[in-house]
Amino acid sequence: MSGNPLTAPLADIASLPTKIWGSVFKRYKLSKFLPYHLYDPKIEMYINNDDSFGCIFQCAPRIRMGTSTATAIEEMLNKLPDNTFIQFTLVGSKNIKQVVENWRLEHKKRAKTDKEHGELLATAIDNMAEFYYSKTVEAPSRSMTAKLKNFTLFVSIKSNKKDALMSYKGTLKNILAANHFAPQNATPDMVKPIIYELFNGGHDLRDIPAYDEFAYLNNQLIAPSTKVVVKDTHLESDGRSWISLTPQALPKYAHISDFGEKIGDYVSKALDTNQFKDTFMITTSITRLPKTKTNGVARNHSMILGQKWSEAIFRQFAAAKEESVSILDRIDSRKEKLYAMDLNILVSGDNFDDAKENAQTIMSYWNKGGEYKAITLDDAMGIHHLNFMASLPMGINREYMFETTGKYRSMFPDQIAQFVPLEADYKGNHPNLMLFSRRAQLSGFDLFISNINFNAYLVATSGAGKSVLLNMLGFNSYTRGDRVFVLDYDNSFLKLCETIDGQYIFLDPQKPISFNPFSEIHDEAELMEDLAYLSDFVYMLGSSKSEQRALEDEKLIKTKLQDNIKLLFREFGNKMEVTHIRDKMRQVDDSRFKDFADQLGTFCRGGIYSRFLEGKNEFNIQKEFIVVEFKGIENHPDIRDPIIMLLIYHINQLMYMSGDRKNRIQIILDEAHRFLGKNPRMDDFIEQAYRRARKYDGSIILATQGFDDIYNAKSGGLSKAGTVIVNNSSWKWFMKQTETSINMLINSEVFNFSDIDKEILRSIVTVKPEYSELFMITPEEYKLPYRLLMDKFFYYLTTTDPKDKAKINQLVENGMTLAKAIETLANEKD
């Protein structure tokens, strides 16, 4: 008898039927049967109440599992000591508090300093945060029925031999780290919230009691008000139901990548029906098979080889004999170790009917794929409670594995490695723009977190949701304190800009304002800093319309241009204009310079576009959210491209070069296909703009309608502008495109797409009014699909619908603040 009083009840009742378990729970608290007891921070180890020791690592799941993942698992198992368990537990948790509250805190930064609009900004952020929380308890949309999750992976080990466990702990951590699982020692304050959620799902997960180091951990995991009921059909805890599923048949030709897809479908047309709809837990528990049981396996296969059945009549018997020969060879000749593997899948629901429906969904989905992928699952009738507790990190024990259930499988490490749950969707790098994965992982992305550059390229056909995505990006960046500059077309940002009282500039040839770049240069040092850029700009204005002629003359004329700009600046200072440059160039006795000077005439005093480039620069930054609408000059390409170039130049000057460089700047160039590839000088400018953006903590996202905007199908390569954009954008986002654009993207081989990537690209859709999808390539070359869902508050914040705007105005006229008016409409039931 152990000295620990809790081990006796555990030993006595582990295999009791459910009716007796029910009566036991009336006498004992369920927490008494959980292994968690004490934690020693000095050795980073748990001291359990079943006389075992344990360690738990919280790890970053693989985004996609493959052969290298299986190899890592094999290494972990081959080095696993005798009498030691290792468990891999993947939990689809609803606990998104940390990421949402971090997002909320960061994005209320501007609200705290903006006295005039602080209420509106704070209310918008609070409503968006509550929107994310709400999607953990209800379907995100009509067709997306899987509730929002936060996938959490634990790798735990357990043994009654402390020294052996300590030694293996270091080995395991090294293997996990070397294979990019980023293992963190999971202390009780990290483990408690997850296990607490599993038992107390009816409680408010935003109010989980903090870990108390002065109380036994097992006594902190089940709330006093939580009622646990054990039934043959399911386990009921805190009003929620859990059903455990166990494999009845595994695929004959298994591969770990196929098992990764079992976490949830992210490819097929029926993907929204093939999901874990609610909280779930998948655990693979493994230990070395005891020698006596290994001998039993060998005897069984020797008996099969001794049978005399006709292989011609019984084809399956021939296959069985072949398998037995292989197993005996591995055991006897190659001295390979066999392991016991137990796999549990726990599915939940708000009630038994929901849990049953969710279980049926998973059973059906896992059984698809034939002999290469299908895993036949069945309801673990009568042992749901045992499977639940054994699936918790460190919950496994020898009695459960070998005696009580006996449902383990004897397998070699390379076989087990194909059935370990180490895959989940990427959570992103930082919560700025919040997206949902197809498997309902809440993910946050920040363009400013990259080791390459902060720029992005976006492709989206009309109606794909591009404007909503860019508005959301601009708003999120602005509310956390970033400066935002938008080059807009057709008033996509007008409503947001007006609502948050940003600066809106409409470019109109009939009402020109000066963008003269020379008037903002204060000394020769600044001039030299921008000389190459300014000479490029002036050359774009005056170069020949013949691209070949422009290339031929470029070096000669730009060299003279730079000399003249320096001379003229010494003479006129920041009162210098393009007119002065024209007059100086005319003095050169060379027809090429005279032709160049004549071309400049359009932009000089007396020319039709002179007002845009004469006198003092009139473009100034009064706000930190600026939108410039360029539709008014769309049909004036001679001035359109120079103005776009100068707009971003002045953003550089007024923001990057100012004394206050604390805030980052997000530049959004929408509808860029309207000026890309039209002028080779403009393409050069885009490249310079990208480079300057990184230098001064800026991010440029450039959006076009199709891949053909940057790809030349005839030459079979990227255009000059395309090469610049792709090479200088560490982020690539592809929303719904036309079939032509998709085919061009895939066939171009500009990106290294796998067959699955291509399939996902073709499946990207926009489901109005529910969500828009995008296929994302991150700076790390992760390639993944995500969904953008818009909460109702943000809809009313940005809507251009006259009826909705009238509703808002009416409430404001009746005395409500704008924030309260929008919130009132957002909270109305559909």
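Predicted model: local features only at pLDDT ≥ 70, side-chain atom pairs only at ≥ 80, totals over all residues.
Residues are numbered from 1 along each chain as its sequence is written, and side-chain values use heavy atoms, with hydrogens and water left out.

Back to Ser450, then, which sits in the loop between β15 (442-445) and β16 (456-459); helices (H or I, at least four residues) and strands (E, at least two) are DSSP runs numbered from the N terminus. If we set aside the neighbours within four places in sequence, Ser450 is in contact with Arg694, Ser730, Trp731 and Pro779, and contact here means heavy atoms within 4.5 Å. The C-alpha atom of Ser450 is separated by 32 Å from that of His117, and these two residues are 333 residues apart along the chain.

Is Gln418 buried or exposed? With a relative accessible area of 11%, Gln418 is buried, and, not counting residues up to four places away in sequence, Gln418 touches Ala70, Ala254, His255, Ile256 and Phe259. For Gln418 and Phe259, which are 159 residues apart along the chain, the C-alpha atoms are separated by 6.8 Å.

Gly118, by contrast, lies in a helix, α6 (residues 118-134), and Gly118 is also buried, with a relative accessible area of 8%. From C-alpha to C-alpha, Gly118 and Ile500 are 9.6 Å apart in space, while in sequence they are 382 residues apart.

Let me now step back to the whole chain. The protein chain has 830 residues, of which 58% count as buried, and it holds 30 helices and 27 strands. Taken along the principal axes, the C-alpha atoms fill a box of roughly 105 × 70 × 50 Å. Among contacts between residues at least 6 apart in sequence, 76% join residues at least 24 apart.

Next, a pair of helices. How do α20 and α22 pack? Helix α20 (residues 547-572) and helix α22 (residues 591-600) meet at an angle of about 90 degrees, with their axes 11 Å apart; the axes are lines fitted to C-alpha atoms, for helices over the stretch in contact, and angles run from 0 to 180 degrees between N-to-C directions. The two helices α20 and α22 are therefore roughly perpendicular to each other, since angles of 65 to 115 degrees count as roughly perpendicular, those under 35 as roughly parallel, those over 145 as roughly antiparallel, and the rest as oblique. From α20 the contact uses Arg549, Asp553, Leu556, Ile557, Lys560 and Leu561, and from α22 it uses Arg592, Phe593, Asp595 and Phe596. By class, these residues divide into 5 nonpolar, no polar and 5 charged, where Ala, Val, Leu, Ile, Met, Phe, Trp, Tyr, Cys and Pro count as nonpolar, Asp, Glu, Lys and Arg as charged, and the others, Gly among them, as polar.

Now to the backbone. Most residues other than glycine have a negative phi, and most peptide bonds are trans. Asp490 has a positive phi of about 70 degrees although it is not a glycine; Asp490 lies in the loop between β17 (483-488) and α18 (494-499) and is partly exposed, with a relative accessible area of 43%. Glu671, again not a glycine, has a positive phi of about 55 degrees, and Glu671 lies in the loop between β20 (665-669) and α24 (680-695), where at 8% relative accessibility Glu671 counts as buried. As for peptide bonds, a cis one joins Lys768 and Pro769, with omega about 0 degrees, and Pro769 has its place in the loop between β25 (766-767) and β26 (771-777).

Definitions and conventions: Buried < 20%, exposed > 50% of the residue type's maximum accessible area, 1.4 Å probe, protein only.
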